[in-house]
Amino acid sequence: MKVRTRSSAILGTICLVGSLALGPASADEPAAPKKAAVALTEVATAQNPIAGAAGPDDTVWIAERAGTVRVLTGQGLGQPVLDISAETTTDGERGLLGVAFDNDFAHFYISYTNLEGTSTIDEFAVQDGAIQPDTRRTVLTQTQPYENHNGGDIKFGPDGYLYIALGDGGAGGDPHGNGQKLDTLLGKILRIDPAGAEPYAIPSDNPFVDDPNAKDEIWSYGLRNPWRFSFDSGTGDLLIGDVGQSDWEEIDWSPASSEGGENYGWASMEGTHPFRGGTEPANHVPPVFEYDRNGLGCSVTGGYVYRGDAIPDLQGQYVYSDYCDGTLRTLKIENGTVTGQGDLAVNGGEVISFVQGGDGELYVLGLGGSISRIDAA
């Protein structure tokens, strides 16, 4: 999932050291955007909540890492509506890693590593807001050479296609060079059409469909471990939190008008910096934002651009965090440039994920168990 590669870097056992301040993106730090006064309201607790998705009838569906999915309503979390705990494992950075509904809530998708560690995307039909277990089918699988850097986030884009984030395969330093290879799905964002064929179709406008040396599923590449990506529900822009190796955490951005094919640089680059003597690729798309590890930050958790109504001063700001730091921070991004940075002055603990409800409000998942909504203070 998202913790840096070290012998001791097993999720939930990280030793937290250093100061609480994240390093700045640069010496010329953009001005802070309008300050939004917020509070975190705990709405439920779960067993290692790790991902979520807006569901039918204004519900929010929460995935627990060990393999269960539960529905959050005004009364809290219900009993599991799906349980694949016998089919996955929480060894290393494995488990149930992502969930998503298609845009009309007709199908529900899960992203998990099976007992062999293979990344797997399964689909279920949904009827009257309920999963239909007998409709389950496997859409896509990808063998993982190591137990870390699985990625696993999944989202449907505004175009109705399923986007899938896969890490570089693990170990450290991308030993197989997967980030820059186009003949593997590892280290990529994929884009497929699960409704177009069995098991899926390739959108005809994917960037590498005419390249015999590249996988047709690839949308963008050069990623180490994309840990949470999202589409801005107001603009359609894509934002990716990509966990760094040694020194730099990064957030990547591409506009809704993108035709795909972006190379985010890994493992030649870590953020805007050459990695271990690497040479910057000619087509490198640098991050829109990066921060160093001089403070407690160690593993970026990508979030969402806030488009809810409850906190007007937060409108249009990208909310993100760091697993080790836990502070909720914001970026104001205009035309691919960060024009402001902010600190919401609240801490979500071991922030592993954000969830956007159907109303645009945001929830924060702490791996220790907390599910909190970002409210106006």
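Guide: Strands, like helices, are DSSP runs numbered from the N terminus, where a strand (E) needs at least two residues and a helix (H or I) at least four. This is a predicted model, in which local features need pLDDT of at least 70 and side-chain atom pairs count only at pLDDT 80 or more, while totals for chains, interfaces and linings use all residues. Residues are numbered from 1 along each chain as its sequence is written, and side-chain values use heavy atoms, with hydrogens and water left out.

Visitor: How many helices and strands does the chain have?

Guide: By that definition the chain has 0 helices and 27 strands.

Visitor: What makes the chain as compact as a globular protein of that length?

Guide: The radius of gyration is taken over C-alpha atoms, and the globule rule is 2.2 Å times the number of residues to the power 0.38. For 377 residues the rule gives 21 Å, and the chain has 19 Å, which is close to that value, so the chain is as compact as a globular protein of that length. Taken along the principal axes, the C-alpha atoms fill a box of roughly 55 × 55 × 40 Å.

Visitor: What is the mean pLDDT of the chain?

Guide: The mean pLDDT (the predictor's confidence in each residue, from 0 to 100) is 92, and 92% of the residues reach 70 or more. Over residues 1-27, however, the pLDDT is below 50, although this stretch has 85 contacts in the model beyond near neighbours in sequence, where contact means heavy atoms within 4.5 Å. Where pLDDT is low, the predicted coordinates should not be read in detail.

Visitor: Why is Asn335 called exposed?

Guide: A residue is exposed over 50% relative accessible area, buried under 20% and partly exposed in between, with a 1.4 Å probe and protein chains only. Asn335 has 77%, and therefore it counts as exposed. The place of Asn335 is in the loop between strand 23 (327-334) and strand 24 (337-347), and its phi is positive, at about 50°, although Asn335 is not a glycine.

Visitor: Is Asp57 buried or exposed?

Guide: Asp57 has a relative accessible area of 72%, which puts it on the exposed side of the cut-off. Asp57 lies in the loop between strand 2 (49-54) and strand 3 (60-64), and its phi is near 55°, a positive value in a residue other than glycine.

Visitor: Why is Ala36 called buried?

Guide: The relative accessible area of Ala36 is 2%, which is under 20%, so the word buried applies. Ala36 lies in the segment before strand 1 (38-45), and it touches Ile311, Asp313, Leu314 and Leu344, not counting residues up to four places away in sequence. Ala36 and Ala345 are 309 residues apart along the chain, and their C-alpha atoms are separated by 9.5 Å. Of the 377 residues of the chain, 61% count as buried.

Visitor: Why is the pair of Trp266 and Phe275 called tilted?

Guide: A pair of aromatic rings is described by the distance of the centres and the angle of the planes. Rings of Phe, Tyr and Trp (its six-membered ring) pair if their centres lie within 6.5 Å, and planes under 30 degrees apart count as stacked, over 60 as edge-to-face and the rest as tilted. The structure holds 14 aromatic pairs. In this one, the centres of Trp266 and Phe275 are 4.6 Å apart and the planes make 50°, so the pair is tilted. Trp266 is buried at 3%, and Phe275 is buried at 7%. A cis peptide bond joins Trp266 and Ala267, with omega about 5°.

Visitor: How do you know that Lys155 lies over the face of Phe229?

Guide: A charge sits over a ring if NZ of Lys or CZ of Arg is within 6 Å of the ring centre and within 35 degrees of the ring normal. Lys155 is at 5.3 Å from the ring centre of Phe229 and is listed as lying over its face. Arg228 likewise lies over the face of Trp227, at 4.1 Å from the ring centre.

Visitor: Where is Pro281 found?

Guide: Pro281 is in the loop between strand 19 (273-274) and strand 20 (289-292), and its relative accessible area of 15% is under 20%, so Pro281 is buried. Leaving aside neighbours within four places in sequence, Pro281 is in contact with Gln180, Asn263, Ser268 and Met269.
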